[in-house]
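Student: I have a new model open and would like to learn how to read it. Can we go feature by feature?

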Amino acid sequence: MKSPCTVMQERIVAGERLGEEHQAHVLGCTQCARFAADCLALDSMVENGVDAAVSVPDDFADRVMRNLDVANPGVHWQDFLGRRWIQVVLANLGVAVAVINLVRFVFSALIPTASLGGVP
Ligand SMILES: [Zn+2]
């Protein structure tokens, strides 16, 4: 039996629209509100990653996992990693890191050329 918070957070990760009742829960529940904020932050990082020159906070994944631990006491890591929505979160994190690495590479490749007066 899933807790209401787990159901809510799964729906948030899946990008489902929340009904009024569920929105009220997310707004009134510290865990879910924080989880939703983290998800939104991740989404906007992925969307605006290049412009914002973002870095993923070191403890981002830890915080997400900690939130999930609190919401699901007694569930083991293997169960978490097997879940589709965790894989979605990790995949999004991977995309964010890949974007950052790409930006770094582009800058490191272009900036020395330009500073020597070369044509990029
Ligand atoms: Zn909740």
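Student: Start with secondary structure. How many helices and strands are in the protein chain?

Tutor: Count the elements, then read their order. This is a predicted model. The protein chain has 6 helices and 0 strands. Along the sequence, the pattern reads α-α-α-α-α-α.

Student: Where is confidence lowest, and where is it highest?

Tutor: Take the average, then go element by element. The mean pLDDT of the protein chain is 76. A score of at least 70 is reached by 72% of the residues. Helix 5, residues 77-81, has the lowest confidence, with a mean of 61. Helix 2, residues 20-28, has the highest, at 89.

Student: Next, burial. What share of the residues of the protein chain count as buried?

Tutor: Burial is read from the count of C-beta neighbours. Of the 120 residues in the protein chain, 11% are buried.

Student: Which residues form the largest nonpolar core?

Tutor: List the members, then ask which elements supply them. The core holds 5 residues: C5, M8, V26, C32 and F35. Helix 1 (4-14) and helix 3 (30-52) each give two or more residues to this core.

Student: Pick one member. With which residues is F35 in contact, leaving aside neighbours within four places in sequence?

Tutor: Beyond those neighbours, F35 contacts Q9, I12 and N67.

Student: Now helix packing. At what angle do the axes of helix 1 and helix 2 cross?

Tutor: Read distance and angle together. The two axes come within 11 Å and cross at roughly 105°. Angles from 65 to 115 degrees count as roughly perpendicular, so helix 1 is roughly perpendicular to helix 2.

Student: Which residues make that contact?

Tutor: Helix 1 contributes P4, M8 and R11. Helix 2 contributes H22, H25 and V26. By class, the contact of helix 1 with helix 2 has 3 nonpolar, 2 polar and 1 charged residues.

Student: Take P4. Is P4 buried or exposed?

Tutor: Go back to the neighbour count. P4 lies in helix 1. P4 counts as exposed because it has 12 C-beta neighbours inside 10 Å, and the cut-off for exposed is 12 or fewer.

Student: How far apart are P4 and H22, in sequence and in space?

Tutor: Compare the two separations. P4 and H22 are 18 residues apart in sequence. Their C-alpha atoms are 9.2 Å apart in space.

Key: Residues are numbered from 1 along each chain as its sequence is written. This is a predicted model: local features need pLDDT of at least 70, side-chain atom pairs count only at pLDDT 80 or more; totals for chains, interfaces and linings use all residues. Helices (H or I, at least four residues) and strands (E, at least two) are DSSP runs, numbered from the N terminus. A residue is buried if 20 or more other C-beta atoms lie within 10 Å of its own, exposed if 12 or fewer, and partly exposed in between; C-beta atoms are placed from the backbone. pLDDT is the predictor's confidence in each residue, from 0 to 100. A nonpolar core is a set of buried Ala, Val, Leu, Ile, Met, Phe, Trp, Tyr and Cys residues joined through C-beta atoms within 7 Å. Two residues are in contact if their C-beta atoms, placed from the backbone, lie within 7 Å. Axes are lines fitted to C-alpha atoms, for helices over the stretch in contact, and angles run from 0 to 180 degrees between N-to-C directions. Angles under 35 degrees count as roughly parallel, over 145 as roughly antiparallel, 65 to 115 as roughly perpendicular and the rest as oblique. Ala, Val, Leu, Ile, Met, Phe, Trp, Tyr, Cys and Pro count as nonpolar, Asp, Glu, Lys and Arg as charged, and the others, Gly among them, as polar.
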